[in-house]
Amino acid sequence: MDSGFGYFATHDAVDPARIAQVIEQRGHAMLLFSEHTHIPAGPPPTRPEGGALPRKYWHTYDPFVACTAAGLATTRLRVGTGVCLVPQHHPIALAKSVASVDALTGGRFVFGVGAGWLEPEIRNHGVDPARRFAVMKEHIEAAQRIWTRDEADYHGEFVSFDPIWSWPKPAQRPYPPVLVGGTGPRVFDRVLSYGDGWLPNYGPGVLERVRELFQRAGEEGRTVRVVMMSVPSDPAVLEECEKAGVDVVLPWLPSAGLGRVEREMDAFETALAEMRGE
């Protein structure tokens with residue numbers, strides 16, 4: 001089981017390149033950046049898990065810019081989105097961004113995707129929140145065609161274009177792994193329809209669902225990966241993740257200065273070492 005971190009890369013915290021270098025130097029495998037294009041002005045909305053939304057949500061760098069900076073500052077670290085809010089992007093431009101980062105980083109990009117949860121933010125992009133999962137599906141399918149065909153076309157309800165040329169193609173073949181976020185009742189349908197793996201947040205019952213996903217994937221002759229975010233620095237939890245077959249565990253790092261960030265890394269690495277009996 002590999003390890004890494006999730007990070008809200010804000011303009012007033014450790015920058016993406018520097019934090020990526022530190023994570024790679026410490027021997028971790030992955031760094032995923034969050035995304036919110038904006039937060040509607042007014043009283044901060046409530047997070048799905050409760051509590052007011054922290055200011056970091058509307059101070060983040062664009063995740064593809066952050067991934068490029070992080071990827072070019074490192075040589076082995078896998079960089080990606082955790083998650084990209086797919087319905088908030090034009091699919092042709094999104095395909096270009098993903099392919100560009102993957103090409104520039106030598107095939108180290110991980111495409112974590114989600115449909116979003118903050119309805120006013122979604123509406124500001126011209127998307128009906130009630131249809132956001134259908135929009136996400138078509139955007140990803142259209143991008144996958146662009147990545148894999150010299151002349152790509154797509155015709156759906158929300159996305160439609162005649163044959164186009166678009167390069168670069170991703171360095172990874174056929175394209176970077178698509179990890180579908182969320183823990184809703186239909187998330188496995190999405191993973192098995194257009195994804196390569198699952199990107200859930202750790203919480204009650206989630207590890208039992210990992211086993212369910214592996215069973216469903218096996219019945220369809222598929223192999224899928226699980227990258228678990230929001231994992232606590234707890235040796236017992238980490239051991240449970242490893243036993244369940246999780247590929248990568250990632251806690252969130254604070255959007256803060258390097259000293260505080262490294263203290264959080266220390267705590268996680270101590271828990272990993274205890275779990276491994278080191």
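This is a predicted model: local features need pLDDT of at least 70, side-chain atom pairs count only at pLDDT 80 or more; totals for chains, interfaces and linings use all residues.
**Salt bridges.** I searched the whole structure and got eleven salt bridges. I started with Glu269 and Arg26, whose closest N and O atoms sit 2.7 Å apart. This pair ties together distant parts of the chain: Glu269 is in helix α9 (residues 258-276), Arg26 is in the loop between α1 (16-25) and β2 (30-33), and 243 residues separate them. I looked up accessibility too: Glu269 is partly exposed at 22%, and Arg26 is partly exposed at 26%.

Next I checked Lys137 and Glu141, a salt bridge with 2.5 Å between the closest N and O atoms. Both are in helix α5 (residues 132-148), and because they are four residues apart there, about one helical turn lies between them. Lys137 comes out partly exposed, at 32% relative accessibility.

Then I looked at Asp153 and Arg149, which form a salt bridge at 3.8 Å, N to O. Asp153 is partly exposed at 22%, and Arg149 is partly exposed at 37%. I also noted a network: Arg26, Glu262, Asp266 and Glu269 are joined by salt bridges that share partners.

**Gln172.** I found Gln172 in the loop between β6 (160-164) and β7 (178-181). Is Gln172 buried or exposed? Its relative accessible area is 15%, so I log Gln172 as buried. I listed two partners for its side chain: the side chain of Arg78, in a polar contact at 3.1 Å, and the backbone oxygen of Gly107, at 3.4 Å.

**Surface charge.** Last, I noted a patch of negative charge on the surface, formed by Glu208, Asp234, Glu240 and Glu274. I placed Glu208 in helix α7 (residues 206-219).

How values were computed. Residues are numbered from 1 along each chain as its sequence is written. Side-chain values use heavy atoms; hydrogens and water are left out. Patches are made of residues with over 30% relative accessible area and no salt bridge: like charges are joined within 9 Å, nonpolar side chains (Val, Leu, Ile, Met, Phe, Trp, Tyr) within 5 Å. Accessible areas come from the Shrake-Rupley method with a 1.4 Å probe; for residues, only the protein chains shown count as cover. A salt bridge is a side-chain nitrogen of Lys or Arg within 4 Å of a carboxyl oxygen of Asp or Glu. Lys and Arg count as positive and Asp and Glu as negative; His and the chain ends are not counted. The place of a charge is taken as NZ of Lys, CZ of Arg, CG of Asp or CD of Glu. Helices (H or I, at least four residues) and strands (E, at least two) are DSSP runs, numbered from the N terminus. Buried means under 20% relative accessible area, exposed over 50%, partly exposed in between (1.4 Å probe, protein chains only). A polar contact is a pair of N or O atoms within 3.5 Å; within protein, one must be able to donate a hydrogen and the other to accept it, and residues adjacent in sequence count only if both atoms are side-chain atoms.
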